[in-house]
Amino acid sequence: MVSRVGSPPASPAADHRGRVGEAERSERGGGGGWGAEGRSEPSQGSHIGRTEIRVGGLGGQGIILCGSIIGKAAAIYSGRHAALIQAFGPEARGSACSAQVIVADEAIGYPYVRRPDILVLLSQDAFAQFTPQLKPDGLVLYENELVQVEGKLPATVRAFGIPATRFAEELGRRLVLNIVMTGFFAGATNLLSIDAVEKAVLDSVPKGTESLNLKALMKGYQYGRDLVAPA
Amino acid sequence: MERDGFPRLAKLKDGSSVEISLASAADGPALLDFYRSLSDEDRLVLKDDVTTPGWLARFLAKLEAGAATSLVARADGRICGEATLHRNLHGWSRHVGEIRLSVASDRRGKGLGYALAAGVVKLAVDLGLEKMVAQLVESQAAARKTFERLGFRKEAKLARQVTDIRGAKRDLFIYANDVSHIWAAMEALVEDFRPHEGQ
């Protein structure tokens with residue numbers, strides 16, 4: 001099932017009906033390309049072009065929330081444009097689930113992901129389904145206790161794994177697995193500033209859970225930064 | 001080193017400030033001094049004899065193992081209050097934490113107990129605990145009010161469970177705070193099944 005993309009919101013505030021919302025371009029936001037760019041924060045107003053992201057996993061892993069937070073961080077807290085499309089199976093839990101997120105400097109005319117630049121994967125099925133569409137120089141971020149990638153990716157693709165489930169369990173709640181992955185995305189890609197992602201997390205999670213969710217975010221973020229940092 | 005938002009300064013009702021920090025093994029001697037400074041009557045409502053080195057060794061071992069998390073309040077270089085979250089790491093009550101709270105007599109009525117208890121409740125939620133309990137004697141009116149302000153409700157009464165310092169029998173109340181609803185909201189959020197969205 002694929003949800004329809006909603007109309008562009010009148011204001012930069014999040015449209016929770018499928019589309020994250022498109023903020024008017026401004027120079028206040030962060031964002032600065034993705035990939036192993038060291039430890040620097042995304043620079044003000046730097047060009048990110050159009051980045052296509054696919055988050056894939058199983059229902060109940062918080063895939064849609066992960067995509068929604070990335071989109072909110074871009075559109076609401078970085079002054080970029082973002083679009084989110086969610087897809088899920090017929091069951092609430094355990095069926096395939098994915099989110100398509102596009103983050104761009106310019107207005108997004110076509111909101112579907114065709115050739116993802118980045119895959120964020122939390123299940124082996126999602127790996128099998130989405131890696132054939134990945135750009136040749138794409139980036140794969142995966143939960144390394146749930147997804148096996150060895151020998152299954154072209155040499156030109158970069159892949160980074162994180163034991164996000166274990167980290168979430170160590171923090172006290174397996175439930176925050178998706179937030180660990182969101183932090184990992186922020187740290188490994190450098191696409192959005194961690195401040196923007198942090199605000200998007202705080203804007204998205206229920207009252208009373210903020211503290212643990214922020215810990216989960218920072219755990220993943222730091223792990224991502226350490227992985228891509230120059231030796 | 002800062003961890004879980006501690007250490008932090010807490011402003012009390014009388015305008016004074018105390019520093020609240022996570023307890024560690026280094027706080028052992030000061031903790032023992034604090035508990036030894038409490039009156040016999042105050043110590044009577046505590047579950048353990050907290051004045052002995054044996055108690056301290058067991059307490060520090062629980063801290064080390066993660067079965068206890070403790071906050072200590074300091075003013076003028078000495079500990080003036082302590083709150084501990086005790087939990088079972090295994091078994092059928094592993095989702096439950098028990099809060100114990102002690103405040104020096106000269107710091108009572110100033111909001112220190114509330115600040116310590118609120119800090120421990122936050123730690124408990126962060127640890128993923130779903131329910132917190134506190135055992136309070138009927139005579140501990142101020143402490144009961146403090147816990148009620150934090151969302152605790154009287155869940156059970158054990159009649160004539162406590163013998164006070166004068167030999168009188170007192171009722172013991174079990175106060176509880178179920179915080180599972182907080183995480184139920186998060187669970188709903190990660191369901192990934194939202195057919196009502198995007199319509």
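In chain A, the residues A:Ile63, A:Leu65, A:Cys66, A:Ile69 and A:Ile70 of α1(A) meet A:Asn178, A:Met181, A:Thr182 and A:Phe185 of α4(A). Sorted by kind, the residues of this contact are 7 nonpolar and 2 polar, with no charged ones. Keep in mind as you look that this is a predicted model.

How do we put such a meeting into numbers? Two packed helices are described by the angle between their axes and the distance between the axes. Here α1 covers residues 63–75 of chain A and α4 covers residues 177–189 of chain A; their axes come within 9 Å and cross at roughly 35°. The crossing of α1(A) and α4(A) is right-handed.

In soluble globular proteins, nonpolar side chains tend to be buried together. The largest nonpolar core in this model has 72 residues, and the members that touch the most others are A:Val120, A:Leu141, A:Val180 and A:Val197. Which element gives the most to this core? That is α1(A), with 9 residues. Another core, of 39 residues, lies apart from it and includes B:Phe34, B:Ala68, B:Ala83 and B:Met132.

Leaving out residues up to four places away in sequence, A:Leu141 touches A:Ile118, A:Leu119, A:Val120, A:Phe160, A:Phe184, A:Phe185 and A:Ala188. You have already met two of these names: A:Val120 is among the residues that touch the most other members of the core, and A:Phe185 is part of the meeting between α1(A) and α4(A).

## A buried leucine in a loop

Now find A:Leu146, which sits in the loop of chain A between β6 (139–143) and β7 (158–162).

Apart from its neighbours within four places in sequence, A:Leu146 is in contact with A:Leu122, A:Ser123, A:Gln124 and A:Thr165. For a sense of distance, look across to A:Ala83: the C-alpha atoms of A:Leu146 and A:Ala83 are 27 Å apart in space, and the two residues are 63 apart in sequence.

## Two residues with positive phi

A:Asn190 has a phi near 60°, a positive value in a residue other than glycine. You can find A:Asn190 in the loop between α4 and α5 (194–204) of chain A. A:Asn190 counts as buried because it has 25 C-beta neighbours inside 10 Å.

In chain B, B:Asp76 also has a positive phi, near 55°, and is likewise a residue other than glycine. B:Asp76 belongs to the loop between β3 (68–75) and β4 (78–87) of chain B. With 7 other C-beta atoms within 10 Å, B:Asp76 is exposed.

## Chain B as a whole

Let's step back. How many helices and strands does chain B have? There are 6 helices and 8 strands, and from the N terminus on they run β-β-α-α-α-β-β-β-α-β-α-β-β-α. The radius of gyration of chain B is 18 Å, close to the 16 Å that the globule rule gives for 199 residues, so chain B is as compact as a globular protein of that length.

Along the principal axes, the C-alpha atoms of chain B fill a box of roughly 65 × 45 × 35 Å. Of the 199 residues in chain B, 31% are buried. Among contacts in chain B between residues at least 6 apart in sequence, 58% join residues at least 24 apart.

Terms used:
Residues numbered from 1 in each chain as written. Chains lettered and ligands numbered in written order. Predicted model: local features only at pLDDT ≥ 70, side-chain atom pairs only at ≥ 80, totals over all residues. Helix = DSSP H or I, 4+ residues; strand = E, 2+ residues; numbered from the N terminus. Rg over C-alpha atoms; globule rule 2.2 N^0.38 Å. Buried ≥ 20, exposed ≤ 12 C-beta atoms within 10 Å, placed from the backbone. Contact = placed C-beta atoms within 7 Å. Axes fitted to C-alpha atoms, helices over the stretch in contact; angles between N-to-C directions. Left-handed = near helix turned anticlockwise from the far one by under 90°. Nonpolar A, V, L, I, M, F, W, Y, C, P; charged D, E, K, R; others polar. Core = buried A, V, L, I, M, F, W, Y, C linked by C-beta atoms within 7 Å.
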